[in-house]
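Open the model in your viewer and keep the sequence panel beside it. The tour below goes from stop to stop, saying what to select and what is there.

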Amino acid sequence: MRFTSALKTVAIGFALYASSGAALAQGGGGRNAEEMKKEEAAVRAEQAAKQLGLDPASKLPPATVPVDPQNVWDLDLSSGGRVRIQLRPDIAPTHVERIKELTRQGFYNGLKFHRVIPGFMAQGGDPKGDGTGGSTLPDLKAEFNPMPHLRGTVSMARAQSDDSANSQFFIVSLPRMQLDKKYTVFGRVIEGMQYVDAIHQGEPPADPTLILQASIESDGKPPVTALPTPPAQAPSIIAPPAKAPAKKPVASKKK
């Protein structure tokens, strides 16, 4: 398929070149070189879209969107600070809604990054901590989109089924384009990537990094630097058993 597509592209380019040459030789009446370049670029874009399985008539989503506190996911990590993630409801509305719902339930607080591969990604969001768990909510239908898996991309983890994402997510540390359109991208880190880089590595890590607090920025929660200390329990005092009253000797009656 790629070879056939490449032949078509070459053929189109040759035809455009021949047409351009004829127009120039005629000394007018034809399209100028700038118009020909635009047309050739449009043809290449259409070919690329077909290779990606996209509808050439559809528009790609913007690479970035304005920062809106209602769509910023804050993760306070034990590796040192707050990571700000721009959520993208325009490309993955159901997944963003799930992240917001679980976050406001406090689901992610205290969970660890259980799978962290150097030069690849950091994965978390599993209450079991071993990659097999999820929330009590139903799994999500895939929302695969053309956004690439670049450094800082945040995408939803899943099992074998396309429609098995639930609560687990991963943050990409270096570009991995082979994941594109196979996992649902729902956001990207816009601040605090150095704290992602500091997440302890391993499968699982010996000393896993924790999500101290997850919050939606518009909720206005201040950063957390440590897990809350559980309240100290007062020692139980067991009262000694009550002593039975001493029995008074009963004088025997004289007969």
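Select Ser-135 and Asn-166 and show their side chains: a polar contact of 2.7 Å joins the two. This is a predicted model, so the distances on this tour are computed from predicted positions.

Where in the chain does Ser-135 lie? Ser-135 is in the loop between strand 4 (121-124) and strand 5 (153-156). Is Ser-135 buried or exposed? With a relative accessible area of 14%, Ser-135 is buried, because the cut-off for buried is under 20%. Leaving out residues up to four places away in sequence, Ser-135 touches Arg-98, Leu-102, Phe-107, Asn-166 and Ser-167.

Ser-135 and Tyr-108 are 27 residues apart in sequence, and 9.9 Å separates their C-alpha atoms in space.

**Next: the aromatic rings**

Keep Tyr-108 and select Phe-169. The structure holds seven aromatic pairs. In the pair of Tyr-108 and Phe-169, the ring centres are 5.9 Å apart and the planes are at 80°, so the pair is edge-to-face. Tyr-108 lies in the loop between helix 3 (93-105) and strand 3 (113-117), while Phe-169 lies in strand 6, so the pair ties together parts that are 61 residues apart in sequence. Both Tyr-108 and Phe-169 are buried.

Move on to Phe-170 and Tyr-183. Their ring centres are 5.8 Å apart and their planes are at 85°, so this pair is edge-to-face. Phe-170 is in strand 6 and Tyr-183 is in the loop between strand 6 and strand 7 (185-191), 13 residues apart. Phe-170 counts as buried at 5% relative accessibility, whereas Tyr-183, at 22%, is partly exposed.

The charged end of Arg-158 sits over the ring of Tyr-183, 4.5 Å from the ring centre. For another case, select Arg-176 and Phe-120: the charged end of Arg-176 sits over the ring of Phe-120, 4.4 Å from its centre.

To see a cluster of rings, select Trp-73, Phe-107, Tyr-108, Phe-113, Phe-169 and Phe-186, which are linked by ring pairs.

**Next: the nonpolar cores**

Which members of the largest nonpolar core touch the most other members? Among its 33 residues, they are Trp-73, Leu-75, Tyr-108, Phe-169 and Phe-186. Centre the view on Leu-75. Not counting residues up to four places away in sequence, Leu-75 touches Gly-81, Arg-82, Val-83, Ile-85, Phe-169, Ile-211, Gln-213 and Ala-214.

**Next: two glutamines**

Select Gln-168, in the loop between strand 5 and strand 6 (169-172). Gln-168 is buried, with a relative accessible area of 7%. Show His-114 as well: the side chains of Gln-168 and His-114 make a polar contact of 3.5 Å. Beyond its neighbours within four places in sequence, Gln-168 is in contact with several residues, among them Gln-123, Gly-124, Asp-126, Thr-132 and Met-156.

From there, go to Gln-123 in strand 4. Gln-123 counts as buried, at 10% relative accessibility. Its contacts, not counting residues up to four places away, include Lys-112, His-114, Arg-115, Gln-168 and Phe-170.

**Next: helix 3**

Select residues 93-105. Helix 3 has 13 residues and reaches 18 Å from its first C-alpha to its last, close to the 18 Å expected at 1.5 Å a residue. Its buried residues are His-95, Val-96, Arg-98, Ile-99, Lys-100, Leu-102 and Thr-103. They pack against strand 1 (72-77), strand 2 (82-87), strand 5, strand 7 and strand 8 (211-216). Just after helix 3, select Gly-106, which takes a positive phi of about 80°.

**Last stop: the whole chain**

Zoom out and switch to a cartoon view. How many helices and strands are there in the protein chain? There are four helices and eight strands. From the N terminus on, they run α-α-β-β-α-β-β-β-β-β-α-β. Of the 255 residues of the chain, 35% count as buried. Among contacts between residues at least 6 apart in sequence, 69% join residues at least 24 apart.

Notes. Residues numbered from 1 in each chain as written. Predicted model: local features only at pLDDT ≥ 70, side-chain atom pairs only at ≥ 80, totals over all residues. Heavy atoms only, no water. Core = buried A, V, L, I, M, F, W, Y, C linked by side-chain atoms within 4.5 Å. Buried < 20%, exposed > 50% of the residue type's maximum accessible area, 1.4 Å probe, protein only. Contact = heavy atoms within 4.5 Å. Polar contact = N/O pair within 3.5 Å; in protein donor to acceptor, adjacent residues only side chain to side chain. Phe/Tyr/Trp six-rings, centres within 6.5 Å; stacked < 30°, edge-to-face > 60°. Lys NZ or Arg CZ within 6 Å of the ring centre and 35° of its normal. Expected span 1.5 Å × (residues − 1).
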